[in-house]
Amino acid sequence: AFLGTRIEVIDFNANNIGPSLPDLSSIASTVRDLYFTNNNIETISANFFEGMTKLQLFSIGWNKLTQWPDFSRLPSDNSLSLLSVNGFQVASPKAFSRLIEHVTDKLEYLFLFDMDMSLVSPEDFYNLAKAFPNLRELTFRHDELITFPDIRSISRNRTLSLELYGNPLICDCRLGWMIDMSKISDSYVTF
């Protein structure tokens, strides 16, 4: 189908694709941006990412996923800098371990929307932000969070935008660090 073609951007948003992603192995080495938002995708096989050394953007939001994509076959030298996932429940322990283990520290933007993360521990969030030193934007919109851990120590010496709006945050002393965050760096929190 795609044989001999150099395709860098694939936009299959809102195309009723599913329950799995199409086979892109014949063009995997040239793909840079993949958009599969608003489809009927239920699973992503580990083989899907094999050979995608140039992948920089992967948007898979608003599908029927029930767990993290398996990034184990994403090449270790991948260039993934933007990941957008949403719509499934993330539960502890080690909620983000699959992501941290297989996505390189080049990740700059992580958008996690509409996920039930009320049970995710502060350590999970801390480990996520710590694992990606180049992270510039971390978004948790409408994720059922009632609090968020103090991440000032890992946001020093870098600009980090943390978006938390749409969550039922409980305004108490545990969130006091957010007010001080802008005083120690160029980082900011939106809630």
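Predicted model: local features only at pLDDT ≥ 70, side-chain atom pairs only at ≥ 80, totals over all residues.

User: How many helices and strands does the protein have, and in what order do the elements run?

Analyst: Helices (H or I, at least four residues) and strands (E, at least two) are DSSP runs, numbered from the N terminus. Here there are 4 helices and 8 strands, and from the N terminus the order is β-β-β-β-α-β-α-β-α-β-α-β. Of the contacts (heavy atoms within 4.5 Å) between residues at least 6 apart in sequence, 66% join residues at least 24 apart.

User: Which residues of the largest nonpolar core touch the most other members?

Analyst: In soluble globular proteins, nonpolar side chains tend to be buried together. Buried means under 20% relative accessible area, exposed over 50%, and partly exposed in between (1.4 Å probe, protein chains only). A nonpolar core is a set of buried Ala, Val, Leu, Ile, Met, Phe, Trp, Tyr and Cys residues joined through side-chain atoms within 4.5 Å. The largest one here has 51 residues, and L34, F36, F48, F58, F140 and F148 touch the most other members. Elements giving two or more residues to this core include β4 (82-86) and β5 (109-113), while α2 gives the most, with 3 residues. Beyond its neighbours within four places in sequence, F58 is in contact with residues including L34, F36 and F48.

User: Which residues of α2 are buried, and which exposed residues does the opposite face carry?

Analyst: An α-helix has 3.6 residues a turn, so residues three or four places apart point the same way. In α2 the buried residues are D124, F125, L128 and A129. Because they cover an arc of only 125 degrees around the axis (taken from the directions to the C-beta atoms), they lie on the same side of α2. The face turned away from that buried side carries the exposed residues E123 and K130.

User: Where is N63 found, and is N63 buried or exposed?

Analyst: N63 is found in the loop between β3 (57-59) and β4, and is buried, with a relative accessible area of 11%. A polar atom of the N63 side chain lies 2.8 Å from the backbone oxygen of F36, and a polar atom of that side chain lies 3.0 Å from the backbone nitrogen of I41. Polar contacts are pairs of N or O atoms within 3.5 Å; within protein, one must be able to donate a hydrogen and the other to accept it, and residues adjacent in sequence count only if both atoms are side-chain atoms.

Terms used: Residues numbered from 1 in each chain as written. Heavy atoms only, no water.
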